[in-house]
Amino acid sequence: MIEGLIAAFWDLMSGPSPFYLLLGTVIGLVVGVLPGLGGGGAMALLIPFTFGMEASHAIAFLMAVGVSSGIGGQVTSILVSIPGDPPNAATVIDGYAMTKLGRAKEALSAATFGSMFGATIGLLLMLAVLPFARELVLAFSYPEFFMIAVLGLVMISKLTGDSTHKGLISAGFGLMIAFIGLDPVSGNQRFTFGNLYLWDGIDIVPPLIGLFAGAELLQLYSSRSNQSLAAHLDDKSTIWGGFRATIRNWWLVLRTSLLGFGIGLVPGVGGTLAAFLAYGHAAKTSKNKAQFGKGAVEGVIAPETANDADKGGGLLPTLAFGIPAGVIMAVLLSGLILHGVPAGPNLLRGDLHIVYVLVVASFLPRMLAGAIVLALGTKSGVLTRIRGDILAATIAVITLLSVFALRSEPLDVGLTLLFGYIGHAMVKYGFSRITFLIGLVLGGLVEQTYHQTMTTFGPSGFVERPFALSILIAAIVILFAPALTRLVRRPFAAARAARDSKAAERERVMRP
Amino acid sequence: MHVKSSQVRAPLDRGRVGFDLLLVVFIGTLVISATQLRPQAALVPLIIGVPTLAGLLIRTVLDLCRWGKDHRLSEAGEELDASLDPETIASASLADIARAARAEVEADEQAPTDPAEIRRQRFFSLWVLAFVVVAGFASTFLPGILGFHTYYVPCAFVALIVIFRVIRLSWVKTIAISAGVVGLLYFLLAILLEVRL
């Protein structure tokens, strides 16, 4: 493993790769600072520009954008009380309070070091668990892969969007789009309606960019008024103070890293949940409970540590099972597929070089982004003055031209625009975009493994193999557990309500 | 901290029902088309498509009957703001924190309600549509101009000038940024990557 990591490190230090990492880090920081454009959206926008790069360098570049956006997001949370990304929301409470107290540098430094330590612990835990995940994947066959895909779609449907109902519809919509093109069994045309453009199926780039960047660009364009808030610049604290506070709270850093890693393993809201849970945990266990909300440094360290440790956890289901834990991982997975890297179970079966590249690429840019934020200090607030409307218009033109440049196909540009509108409508009406994308990505795997199972094992293959059966049961439990729990609790709740009303009646009668 | 999932009936939202119907038509077309395929090719699309279509029909009926949850954070968002209080977060249950985290993600994606913001979004949508349609049609049906093979670069330049003027950027900045962006793109795509633009 160590040799693998060293080889990956040297791979990323060769040729133009360090430049890509630096560029990705800077872009990630800027988009993290801008409310409206998240790390996932920025990664989607940049995918067309990675086609000329070597696969490992392209993946590292995308990863750099994704991981640095979190650190950019903490800057606005602390300096201007606007979270760059949802996972930075919990940092606002004490981070901004510290800024108002003239301790912005300390807050920025504590959040940055918390992020760095969290990311390091999260990645180390991921590397520790990876061999076991690999063993598990090697024991899997077609039925298990089919069930894993189903489980992933069920979990993400449950945890994102308005309701499970809409989540499942989004998954079905994505899967149906994935079935357009040549049928993998007979090689006949399917859902092409005689159109040559659809023969190869829907290329993943237009939906990816349209869905994730379209709605974000609209928001970025319309949110101009939010950009120019100034930070409290009468700052008496130091970067060193934040570092010392992080080291002093090493036990909190460790606990919240473990929490973040654990949450990261579960597909869904991931980083945001991890950050809120870590904040609650810190507020509950701190000796300075009264300080929380008024500028407690633990209230900055805990959510940022958990939020970054979560990315280490999120890499595991993405790499091992091809089930992304969040938007950033979903776009990363699409990037892997586009660059011909066998994402999902096949990735761990073969050469692990790309896995180590991903680990190194999610570590180095974080350190680099942290160093940039620490070097800029409170001056990083300047980034919030970039006008969203100018940026949105520029990005839109750049993106559409680069989509056209990929295949010189005007219909790709039209399709990107169409998916942009669809993505906007999905956001507006509560359908999960990430579930749709995962359906689109997993569509081929679902169909292929279904037919392979039927041919190799017959229909019993889905229920006779213990792993496949366990995953199926897990999917059913996750899907129906809330309804079953309500069903089981109902008689007890009714009995309790009857008992309470009887007691109230008795008390009323007894009262003179 | 407690983020209620409001069970109140929302007023009929034509856009929501319209989107449901569009999805019904799209998935319905694919399902009907799948019935005409060979059994092996149609099997998986039908396994997925039929329940999706059924789910969509139920969703459409629910939205038509105004039984849908009024989910977009009118209430949940307010409660989340109130919940950004350390004491409530510390004492909240896992389920409540999970709901708040989900609400935070939804709030980030929430569509604007301010009329000025909606107008700006509409304008931006139309501006992008105009760029794509004009550049696409001109590139397909007209011969190249000014040494370009397609109309994408000239249209990008014009489109940027239009939008920068609409957002009241000065002429100097408008021309400078538009020319800079288009020039950089041309250098990257046409000269370095040798794409026929």
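Is Val133(B) buried, exposed or partly exposed?

1. **What you are looking at.** This is a predicted model, in which local features need pLDDT of at least 70, side-chain atom pairs count only at pLDDT 80 or more, and totals for chains, interfaces and linings use all residues. Residues are numbered from 1 along each chain as its sequence is written, chains are lettered from A and ligands numbered from 1 in the order in which they are written, and side-chain values use heavy atoms, with hydrogens and water left out.

2. **Val133(B).** To come back to the opening question, Val133(B) counts as partly exposed because its relative accessibility is 38%. Buried means under 20% relative accessible area, exposed over 50%, and partly exposed in between (1.4 Å probe, protein chains only). Val133(B) sits in helix H6 of chain B; helices here are DSSP runs of H or I with at least four residues, strands are runs of E with at least two, and both are numbered from the N terminus.

3. **A nonpolar patch.** Val133(B) belongs to a nonpolar surface patch of about 690 Å², whose members include Tyr421(A), Leu126(B) and Phe137(B). Helix H6 (residues 115-141) of chain B gives the largest share, five residues. Patches are made of residues with over 30% relative accessible area and no salt bridge, with like charges joined within 9 Å and nonpolar side chains (Val, Leu, Ile, Met, Phe, Trp, Tyr) within 5 Å. Accessible areas come from the Shrake-Rupley method with a 1.4 Å probe, and for residues only the protein chains shown count as cover.

4. **Where the chains meet.** In chain A, 78 residues are in contact (heavy atoms within 4.5 Å) with 75 residues of chain B. The rule finds one salt bridge across this interface, a salt bridge being a side-chain nitrogen of Lys or Arg within 4 Å of a carboxyl oxygen of Asp or Glu. On the chain A side, helix H17 (residues 388-407) gives the most, with 13 residues touching chain B.

5. **The bridging pair.** Asp389(A) and Arg120(B) form a salt bridge, their closest N and O atoms 3.6 Å apart. Asp389(A) lies in helix H17 of chain A and Arg120(B) in helix H6 of chain B, so the pair joins two chains. Asp389(A) counts as buried because its relative accessibility is 0%.

6. **Inside chain A.** Arg190(A) and Glu447(A) also meet in a salt bridge (2.7 Å, N to O). This pair links strand E2 and helix H19 of chain A, 257 residues apart. Both residues, Arg190(A) and Glu447(A), are buried.
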